[in-house]
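User: Hi! I am new to reading protein structures. Could you walk me through a few features, one at a time?

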Amino acid sequence: MGLPTSSLAIAVFVVVALPGFIQAGVRRWARGETASDRELGLSIARGAAFAVALTAVYLMIWGERLVAGISAGDDADALKITDPRHVGTTVLVLYLMVPVALSVLLQWQHVRWEKSETVGWFRAPRSKYGYTLTPTAWDHAVRDVQPAWIRVRRANGEWVGGWFTKGSQASTYPEPRSLYIAQQFEIDQDGQLGDAVPSTGVYITINDDDLVFWGRPQAQPYESASEEGQ
């Protein structure tokens, strides 16, 4: 599917597709992914039906005033904006803010309202089930993980790992799982951390048979050991 390039195509996208994308996004955020969400045709049809129904209601209420500020252009696939302020307000309110609010109301039974951490009086909607937009458990594990002790037990029984801190990196979706640990430590056959390997980092590709252990101490008691090992 290519991006809309003509003004008419952009207008059709806003009217027919944009509210549907918003509704689908809010629905997935509130309820999580369901089996029907993986049916592309069904998802498109559901979103288009929501968008068209919304526009039909707008036309019933406002009639020609809905498209005020837009006129036919010189070309068949061109539209001319004669009142940018009216068109901008219409798109912002009726095709962005209203679809978001309506979609949240449609998922009301799946939403709880929690006090905002930044604005004390404001309550923000949250999924009852703890669904987030994080695509995989791996992404959740490596997000904001620094600093941490990481030990990886490979399928052959070998241990590798170290101190995952400044300079370390972890790949996330959609890339294959991998780690770069900036400070490698020796690990014995029982998985116990030993001394730092001087001036050495290690890159690890994480396979399905590998086990990854995360240790996040409240303090950083091993920084001195790291310095001694260097």
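Analyst: Happy to! Let us begin with helix packing: the angle between two helices runs from 0 to 180 degrees and is taken between their N-to-C directions, along axes fitted to C-alpha atoms. Keep in mind that this is a predicted model. Here α1 and α2 pack with their axes 7 Å apart, at an angle of about 120°.

User: At what angle do α1 and α3 pack?

Analyst: Helix α1, residues 7-31, packs against α3 at about 30°, and the two axes are 9 Å apart. Under 35 degrees counts as roughly parallel, so α1 is roughly parallel to α3. The crossing of α1 and α3 is right-handed.

User: Next, aromatic rings. How many aromatic pairs are there?

Analyst: Two rings pair if their centres lie within 6.5 Å. By that rule there are eight aromatic pairs. One of them joins tyrosine 58 and tyrosine 95, with 5.6 Å from centre to centre and 80° between the planes. Planes over 60 degrees apart count as edge-to-face, so this pair is edge-to-face.

User: Where in the chain are tyrosine 58 and tyrosine 95?

Analyst: Tyrosine 58 belongs to helix α2 (residues 40-62) and tyrosine 95 to helix α3 (residues 84-106). The two are 37 residues apart, and their pair links distant parts of the chain. Both tyrosine 58 and tyrosine 95 are buried. Tyr58 and Tyr95 also form one aromatic cluster together with Trp62.

User: How are the rings of tryptophan 108 and tryptophan 113 arranged?

Analyst: That pair is tilted, with centres 5.5 Å apart and 45° between the planes.

User: Is glutamine 183 buried or exposed?

Analyst: Glutamine 183 has a relative accessible area of 7%; buried means under 20%, so this residue is buried. Glutamine 183 is in strand β9, residues 183-187. A polar atom of the glutamine 183 side chain lies 3.0 Å from the backbone oxygen of valine 197.

User: And the loops? Which residue has a positive phi although it is not a glycine?

Analyst: That is serine 199, with a phi of about 50°. Serine 199 lies in the loop between β10 (193-196) and β11 (202-205), and is exposed at 69% relative accessible area. Another loop residue is threonine 82, between β2 (79-81) and α3. Threonine 82 counts as exposed because its relative accessibility is 53%, and the exposed class is over 50%.

User: Which residues does a cis peptide bond join?

Analyst: The cis bond joins tyrosine 173 and proline 174, with omega about 10°. Find proline 174 in the loop between β7 (169-170) and β8 (178-181).

Notes
Residues numbered from 1 in each chain as written. Predicted model: local features only at pLDDT ≥ 70, side-chain atom pairs only at ≥ 80, totals over all residues. Heavy atoms only, no water. Phe/Tyr/Trp six-rings, centres within 6.5 Å; stacked < 30°, edge-to-face > 60°. Helix = DSSP H or I, 4+ residues; strand = E, 2+ residues; numbered from the N terminus. Buried < 20%, exposed > 50% of the residue type's maximum accessible area, 1.4 Å probe, protein only. Polar contact = N/O pair within 3.5 Å; in protein donor to acceptor, adjacent residues only side chain to side chain. Parallel < 35°, antiparallel > 145°, perpendicular 65-115°, else oblique. Left-handed = near helix turned anticlockwise from the far one by under 90°.
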